[in-house]
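Subject: The structure I promised you

Hi,

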Amino acid sequence: MNQRIEKFTLKAIQSYHHTSLIHFDDQETLVEALASRIGFAGANPVAFLSILARRPEMRLNDLDEAILTDRTLVRANSFRNSLFLMASVDYPLYFRALSHPLKMSNQSKLNAAGIDEDDLLRMHHRLEDTNFHIPQSHEQVMEILYPKNHALPVADVQKLLVRKLCELGVLVRTYHKGWKGNDFLYALTKNWFPDFKLTSENQETARCQLIRRYISTYGPVSKEDIIWWTGLSESQVHRSLSTLRRELSIAQIEGHKDEMLVLKERVQNIRQHGNSDHSIVFLPPFDPFTTAWVTRKRTAKKSDYPFIYDAVGNAAGTIVHEGKIIGVWQFRDSKDHIFEYHLFESYQDLKGDVHFLADQYAHTLARISGSTATYVYERKLPEPLHKRPPGSFLWPLGKEPPFKTADQNLLKSPLERRTSNTFRRPYLKDEHVAASASSSAPAAATCLQHPQ
């Protein structure tokens, strides 16, 4: 490519993404905001918490109304075969772009359980022949798939099977139990969205549109960022970038070795966006701000990486100011709401502001949870995440409460059941990413568990 090279300071990029990615415009509807910023994790309670950070007046009913009543938003498996929240109108496009990885996702595990592609096709026909219009529970779906004279597979295979039928676009997740629950009811996609046509035709055109939207939201980005985030192969990404080459400029970010790409139409936005709103925000794990790029350099100081990211790149709940991660947080609740945070040493000048806003945010979460009391604790950092057991990114400040208690519910993270976007494989091997023992190519995310 012979494009002009656009040079940006790291501070300019951080400031731009704080404004464009971490804040919604007051004039945008919720659907418009999510359509223009793809990549919001779809399970509970992360989906709501990511939106709440950007729109503090958001109510639980607002999200449910968009998903269940207006059906303008949908939870669907897409990027990296993980569960995301997206504008419903975009679902057919992303399904078309990612139909091959979605088709292959977890198929080897199902094969090992004795369920092959022909079996899935028969199950597809059986569900559509039933043609139910009222969303069904997991158990009801399994009764359709396995009549009384057929033995059910084990529970883990059942969950994987229902997930697979969602990946194939046969079923769609609808109602759920509680704002932190991921026990969904399922509808036939053809009945829930009667005007949609989910097809694998014209995949290349769809991939170009998907990659363009990713660059628009998160650019400047490297080719490795695109491969990692989409789950597409290097050759597929290369073809799409060749098609998009006239719309792209090469970008260099201060301190980054990688050559990056940015949409030409976004260059002036990055340079002229100003510093309109750099308030401190509390982002949950799996937030797009912490999972959008392969490297971490643009989001945090190197000395803070071990306390934000685990060995394979999962990010804890983060406190963000001016596009930089300045601390971590976690919460636990039963009758009482316990909010804990730590501000990194480099940002102690913000201590007063962070504590005040942490207290406000904790009370907001307590109201949502129905807790009768709220307690806020500033805590010391435990060992780095890579030295702790898997899943510790959900407990960046330690699983043990800051006080003695007999309430075992306080030892359960409200996020612990929510793992469908959890990374099990490493990012690229580099000083700014998680160490990898094998490949230098980005690996697709897989699941620790398989929420229905």
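Let's start with the largest cavity, which is lined by Pro 285, Gly 317, Trp 329, Gln 330, Phe 331, Phe 393, Leu 394, Pro 396, Ser 413 and Leu 415. Keep in mind that this is a predicted model. The volume of this largest cavity is about 60 Å³. Strand β11, residues 324–333, gives the largest share of the lining, with 3 residues. Sorted by class, that lining has 7 nonpolar and 3 polar residues, and no charged ones.

How many cavities of 30 Å³ or more are there? The count comes to 5. In case you wonder how one looks for such things, rolling a probe the size of a water molecule over the atoms shows where empty space is left.

The second largest cavity holds about 40 Å³ of space. Around it you'll find Asn 44, Phe 48, Leu 60, Leu 63, Asp 64, Arg 75, His 176 and Trp 179. Helix α4 (residues 60–69) supplies the largest share of this lining, 3 residues. By class, the second largest cavity is lined by 4 nonpolar, 2 polar and 2 charged residues.

Take Asn 44 first: a cis peptide bond joins Asn 44 to Pro 45, with omega at about -5°. Pro 45 sits in the loop between β2 (40–41) and α3.

The axes of α3 (residues 46–54) and α18 (residues 351–369) come within 13 Å and cross at roughly 140°. That angle makes α3 oblique to α18. The crossing of α3 past α18 is right-handed. Which residues make the contact? From α3 they are Phe 48, Leu 49 and Leu 52, and from α18 they are Tyr 361, Thr 364, Leu 365 and Ile 368. In this contact of α3 with α18, 6 residues are nonpolar, 1 is polar and none is charged.

Arg 71 is not a glycine, yet it has a positive phi of about 55°. You'll find Arg 71 in the loop between α4 and β3 (73–77).

Now for the pocket. The largest pocket has a volume of about 560 Å³. Its lining consists of 24 residues, and Phe 95, His 124, Leu 168, Gly 169 and Val 170 are the ones that lie nearest the centre. Which helix gives the largest share of that lining? It's α8, with 6 residues. At least two lining residues each come from α6 (99–104), α8 (117–130), α10 (155–167) and α11 (189–192). By class, the lining of the largest pocket has 10 nonpolar, 7 polar and 7 charged residues.

One of those helices, α10, also meets a helix called α9. The axes of α9 (residues 138–145) and α10 come within 11 Å and cross at roughly 85°, so α9 and α10 are roughly perpendicular to each other. On the α9 side the contact has His 138, Val 141, Met 142 and Leu 145, and these meet Gln 158, Lys 159, Leu 161, Val 162 and Leu 165 in α10. By class, that contact has 6 nonpolar, 2 polar and 1 charged residues.

Further along, there's another cis bond to look at. Gly 219 and Pro 220 are joined by a cis peptide bond, with omega about 5°. Pro 220 lies in the loop between α12 (203–218) and α13.

The axes of α13 (residues 223–230) and α14 (residues 234–243) come within 10 Å and cross at roughly 120°. That makes α13 oblique to α14, and the crossing is right-handed. In α13, Lys 223, Ile 226, Ile 227 and Thr 230 meet Glu 234, Val 237, His 238 and Leu 241 in α14. This contact of α13 with α14 divides into 4 nonpolar, 2 polar and 2 charged residues.

Happy exploring, and see you soon!

Conventions. Residues numbered from 1 in each chain as written. Predicted model: local features only at pLDDT ≥ 70, side-chain atom pairs only at ≥ 80, totals over all residues. Heavy atoms only, no water. 1 Å grid on protein atoms, 1.4 Å probe; cavity = no way out; pocket = protein on both sides within 12 Å on 5 of 7 lines; lining within 4 Å. Points joined across faces, edges and corners; volume = space filled by probe spheres on them. Helix = DSSP H or I, 4+ residues; strand = E, 2+ residues; numbered from the N terminus. Nonpolar A, V, L, I, M, F, W, Y, C, P; charged D, E, K, R; others polar. Axes fitted to C-alpha atoms, helices over the stretch in contact; angles between N-to-C directions. Parallel < 35°, antiparallel > 145°, perpendicular 65-115°, else oblique. Left-handed = near helix turned anticlockwise from the far one by under 90°. Contact = heavy atoms within 4.5 Å.
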